[in-house]
Amino acid sequence: MNSRSYTVKEVTQLLGVNKDTVGRMIKDGRLDAEKVGRAYQITEESIKRLVKEGSKNK
């Protein structure tokens, strides 16, 4: 099953954060990302998991 992947720019728009924040989320493991060339691709499942976990902490 292929899921949609998002660029860092798309994730910044979806989550309402800046690119540095997305970079930190990738680095600390909160977002799963694959480096394709010079850019990262973030899976839809990873974004959904982050949002779900964030809503539990509120």
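This is a predicted model: local features need pLDDT of at least 70, side-chain atom pairs count only at pLDDT 80 or more; totals for chains, interfaces and linings use all residues.
Student: Which strand does E34 lie in, and what is its bridge partner in β3?
Tutor: E34 lies in strand β2, and its bridge partner in β3 is Q41. Leaving aside residues up to four places away in sequence, E34 touches A39, Y40 and Q41.

Student: How far is E34 from S5, going by the C-alpha atoms?
Tutor: The C-alpha atoms of E34 and S5 are separated by 9.5 Å, while the two residues are 29 residues apart along the chain.

Student: OK, zooming out, what is the strand order in the sheet?
Tutor: The sheet is open and has three strands in the order β1-β3-β2, with antiparallel pairing. Because β1 (5-7) and β2 (33-36) stand at the edges with a single partner strand each, one side of each is left without a neighbour in the sheet. Neighbouring strands are turned by 35° against each other on average, if direction is ignored.

Student: And how many bridges hold each pair?
Tutor: Strand β1 pairs with β3 (residues 39-43) in the antiparallel sense over three bridges, with Y6 standing opposite I42 in β3. Strands β2 and β3, which also run antiparallel, are joined by four bridges.

Student: What about the hairpin of β2 and β3, which residue takes a positive phi there?
Tutor: That is G37, with a positive phi near 70°, in a hairpin that has two residues between the strands. Another glycine with a positive phi is G29, which comes just after α2 and takes a value of about 90°.

Student: Switching to helices: which strands does α1 touch?
Tutor: Helix α1 (residues 8-15) packs on the sheet, where it touches β1 and β3, and its direction makes about 90° with that of β1. Helix α3 (residues 44-56) lies across β1 and β3 as well, running at about 65° to β3.

Student: How do α1 and α2 cross?
Tutor: Their axes come within 9 Å and cross at roughly 105°, and since angles of 65 to 115 degrees count as roughly perpendicular, α1 and α2 are therefore roughly perpendicular to each other. In the contact between them, V8, V11, T12 and L15 in α1 meet K19, V22, M25 and I26 in α2.

Student: T12 is in that list, so is it buried or exposed?
Tutor: T12, which has its place in helix α1, is buried, with a relative accessible area of 13%. A polar atom of the T12 side chain lies 2.5 Å from the backbone oxygen of K9. Not counting residues up to four places away in sequence, T12 touches V17, N18, K19 and V22.

Student: N18 again, what does its side chain do at the start of α2?
Tutor: A side-chain oxygen of N18 reaches to within 3.0 Å of the backbone nitrogen of D20 at the start of α2.

Student: Which residues of α2 are buried, then, and what covers them?
Tutor: In helix α2 (residues 19-27), the buried residues are T21, V22, M25 and I26. These four cover an arc of only 140° around the axis, which puts them on the same side of α2. What covers the buried residues of α2 includes α1, β2, β3 and α3.

Key:
Residues are numbered from 1 along each chain as its sequence is written. Side-chain values use heavy atoms; hydrogens and water are left out. Two strands pair if DSSP finds at least two bridges between them. Axes are lines fitted to C-alpha atoms, for helices over the stretch in contact, and angles run from 0 to 180 degrees between N-to-C directions. Contact means heavy atoms within 4.5 Å. Buried means under 20% relative accessible area, exposed over 50%, partly exposed in between (1.4 Å probe, protein chains only). The arc is that of the directions from the helix axis to the C-beta atoms. A polar contact is a pair of N or O atoms within 3.5 Å; within protein, one must be able to donate a hydrogen and the other to accept it, and residues adjacent in sequence count only if both atoms are side-chain atoms. Angles under 35 degrees count as roughly parallel, over 145 as roughly antiparallel, 65 to 115 as roughly perpendicular and the rest as oblique.
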